[in-house]
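Please keep the sequence and the structure in view while reading.

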Amino acid sequence: MANRLTRITTRSGDQGKSGLADGSRHSKTDAVFAALGDIDELNCALGIVVTHLASDHPLRATLIDLQSRLFDLGGAVAMPGTILSLADEVAALETHVAQFSEQLGPLANFILPGGTIAGSQMHLARAVSRRAERSLWSLIEQRPDIYDSSLAVFLNRLSDALFVFARVLNLSSPELFWQQKPR
């Protein structure tokens, strides 16, 4: 693989603007950078979960693949006009949700994030996924001719999958249920 970055510190963003992969420069407060930052944070959150899983854990390979798909997603956002559909990945996530849900009991109440370290981190990744989805929908609404909506649908389905994955990771720990405050 060729070297992609020759310098990390460029100072090109010191005036509040940053560049996209197509060479265009935008304010760092632009919706595109909010979406990119949230997608990157989600990828980092999944990376933390992966570090807590044994190399043979049934979810580990799936999560690493999802990290690569998030990198693809970020690349498509960073290069406006890139044609990328994640419709196949949405279908794959639905299959994962169905398969892993078979291991779980029905939900009779809202559950609180917690349980094992990996399960708790997965809940955090789920919350970041929801934020990334909102950021991406905001960007898509501003620039509907540039970004495919399947990118945001992927994040929606991913957050569903991460919820199920958190429950799977917490099978060895009792789930914490929301208790409504007495009136």
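## The chain as a whole

Of the 183 residues of the protein chain, 39% count as buried. The model is a predicted one. Its C-alpha trace spans about 50 × 45 × 30 Å along the principal axes.

The chain has five helices and four strands. Read from the N terminus, the order of the elements is β-β-α-α-α-β-α-α-β. If contacts between residues at least 6 apart in sequence are taken, 73% of them join residues at least 24 apart.

## Helix α1 and helix α2

Helix α2 covers residues 60-78, and α1 packs with this helix at an angle of about 165°, with the axes 10 Å apart. An angle over 145 degrees counts as roughly antiparallel, so α1 is roughly antiparallel to α2. The crossing of these two helices is left-handed.

On the α1 side, the contact is made by V32, L36, I39, L42, N43, L46, G47, V49 and V50. On the α2 side, the residues are R60, L63, I64, L66, Q67, L70, F71, L73, G74, V77 and A78. By type, the residues of this contact divide into 15 nonpolar, four polar and one charged.

## Helix α1 and helix α4

Helix α1 (residues 31-51) also packs with helix α4 (residues 117-142). Here the angle is about 160° and the axes are 8 Å apart. The two helices are therefore roughly antiparallel to each other. The crossing of α1 and α4 is left-handed.

From α1, the residues A31, V32, A34, A35, D38, I39, E41, L42, A45, L46, I48 and V49 take part. They meet A118, Q121, M122, A125, V128, S129, R131, A132, S135, L136, L139 and Q142 of α4. The contact of α1 with α4 is made up of 17 nonpolar, four polar and three charged residues.

## Helix α3 and helix α5

How are α3 and α5 arranged, roughly parallel or roughly antiparallel? They pack at an angle of about 15°, and their axes are 9 Å apart. Angles under 35 degrees count as roughly parallel, so α3 is roughly parallel to α5. The crossing in which α3 passes α5 is left-handed.

The α3 residues in this contact are A87, E89, V90, L93, E94, H96, V97, F100 and S101. Those of α5 are S150, V153, F154, R157, L158, D160, A161, V164, F165 and V168. Sorted by type, the residues of the contact of α3 with α5 comprise 12 nonpolar, three polar and four charged.

## Two aromatic pairs

A pair of aromatic rings is described by the distance of the centres and the angle of the planes. Two rings pair if their centres lie within 6.5 Å. The count for this model comes to two aromatic pairs. One of them is formed by F100 and F165, with 5.4 Å from centre to centre and 75° between the planes, and is edge-to-face. F100 lies in helix α3 (residues 87-101) and F165 in helix α5 (residues 150-169), so this pair links distant parts of the chain, 65 residues apart. F100 is buried, with a relative accessible area of 9%. F165 is buried as well, at 0%.

Another pair is formed by F110 and W178, whose ring centres are 5.8 Å apart. Their planes stand at 70°, so this pair is also edge-to-face. F110 is in the loop between α3 and β3 (111-112), while W178 is in the segment after β4 (176-177). The pair therefore ties together parts that are 68 residues apart in sequence. At 59% relative accessibility, F110 counts as exposed. W178 is partly exposed, with a relative accessible area of 35%.

## A loop residue, G115

Where does G115 lie? G115 is in the loop between β3 and α4. With a relative accessibility of 39%, G115 counts as partly exposed.

Which residues does G115 touch, not counting residues up to four places away in sequence? They are S120, N170 and S173. I83 is 32 residues from G115 along the chain, and the C-alpha atoms of the two are separated by 40 Å.

Notes:
Residues are numbered from 1 along each chain as its sequence is written. This is a predicted model: local features need pLDDT of at least 70, side-chain atom pairs count only at pLDDT 80 or more; totals for chains, interfaces and linings use all residues. Side-chain values use heavy atoms; hydrogens and water are left out. Rings of Phe, Tyr and Trp (its six-membered ring) pair if their centres lie within 6.5 Å; planes under 30 degrees apart count as stacked, over 60 as edge-to-face and the rest as tilted. Buried means under 20% relative accessible area, exposed over 50%, partly exposed in between (1.4 Å probe, protein chains only). Axes are lines fitted to C-alpha atoms, for helices over the stretch in contact, and angles run from 0 to 180 degrees between N-to-C directions. Angles under 35 degrees count as roughly parallel, over 145 as roughly antiparallel, 65 to 115 as roughly perpendicular and the rest as oblique. A crossing is left-handed if the near helix is turned anticlockwise from the far one by less than a right angle, and right-handed if clockwise. Contact means heavy atoms within 4.5 Å. Ala, Val, Leu, Ile, Met, Phe, Trp, Tyr, Cys and Pro count as nonpolar, Asp, Glu, Lys and Arg as charged, and the others, Gly among them, as polar.
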